[in-house]
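The following exercises concern the protein shown below.

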Amino acid sequence: MLNSDHAHKYETNDAHLGATTARDAETLSAGSTARNESTGKIMDNHNALEKDFSQNDGGYGNGYGHQHLEASHDSETALRQIRTAGSISISPELFEKLYLSPQNKVSGDLRKTFGNPTPLALIGFLLSLHPLSMTLMGWRGAGGSGASSTGWYYFAGGLLMTLGGLGEWILGNTFPFVVFCSFGAFWLGFAATLQPFYNAYGAYATPGDASSTGLASVGFNVGVAYFLICMGILCLVYLICSIRTNLIFFLIFFTLVPAFGLLSGSYFHAAKGNAAMASKLAEASGAFCFVTCLCGWYIFLAIMLASVDFPLDLPLVDLSTMVKGASEKRKINHVE
């Protein structure tokens, strides 16, 4: 037990430790147990403080062992001792901001060993969708379904998002892993559709007509529309799941669902030869995608600022605490 003087020191030191850098927190394992390797060492009660996370975890519901810190230590010295002893937990809000996933527990020290793959996947998504959104809106005469950015669809949207998704898989973050890899596949498929080498539209060209490319054919446009409808359904599933993440990530899928719906409608009208309506629907789809990208840039900036311990903190409005998980509800109801 701590007397009143020691309790005051404890509160001061604990508040100082709470200001450790987000970069340091990012490298620490979520949900792991911090234990002192030399547990046999007894410290003087007048010079030491015992921080018992196992009884007071700050309301995050995680179990922690004992960590002995000198009262005179500054935050950097204390953090080095904690790193030597093992690892500490980061808050669910910070974890969710860094990984766009509700906090989960994984074995091992993978999150201390590897960097955060989330911003890599995000930038691949943004470098592909943002130019496409402006192209769909026809800014400054842009058009052609964004064919001018085909290389970016391959190497930014496809490659970077797939690599980021695999990184999330290694770290045990299932939801962002599935989201990033599926969108990586989308960008690769979209780029391949625009490439003559894959003959996606060339197969619909009129035989014997040298001027026919197949791009205006009913079969090609309806086929692309069906695929976009499926992407809209996929984003609807992600929208439901994102209710357990944060508001900005939720808004990304909230705008992507109508974006894919409108774009599929554009291709359906193009198949019927209604070019005017197809153009309007494509423009509306581009507007929704543009809002999606604004949200994406915001999340990307928030994660990058946190990774370098920038003094400005951008809130993402954590929703995981508002929508309790099934396991949390079972614990509240004493089922587990």
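**Exercise 1.** What share of the contacts in the protein with a separation of 6 or more is accounted for by residues 24 or more positions apart?

*Solution.* The model is predicted, so local features need pLDDT of at least 70 and side-chain atom pairs count only at pLDDT 80 or more, while totals for chains, interfaces and linings use all residues. Residues are numbered from 1 along each chain as its sequence is written, and side-chain values use heavy atoms, with hydrogens and water left out. A contact means heavy atoms within 4.5 Å. Residues 24 or more positions apart supply 70% of the contacts with a separation of 6 or more.

**Exercise 2.** Determine which residues have the most contacts inside the largest nonpolar core.

*Solution.* Such a core is a set of buried Ala, Val, Leu, Ile, Met, Phe, Trp, Tyr and Cys residues joined through side-chain atoms within 4.5 Å; buried means under 20% relative accessible area, exposed over 50%, and partly exposed in between (1.4 Å probe, protein chains only). The largest core has 50 residues, and Phe183, Trp187 and Leu256 have the most contacts inside it. Helix α8 gives the most to this core, with 10 residues. Helices (H or I, at least four residues) and strands (E, at least two) are DSSP runs, numbered from the N terminus. Beyond four places in sequence, Leu256 touches Phe125, Leu129, Phe183, Cys235 and Thr292.

**Exercise 3.** Is Phe155 buried or exposed?

*Solution.* Phe155 lies in helix α7. Its relative accessible area is 59%, and therefore Phe155 is exposed.
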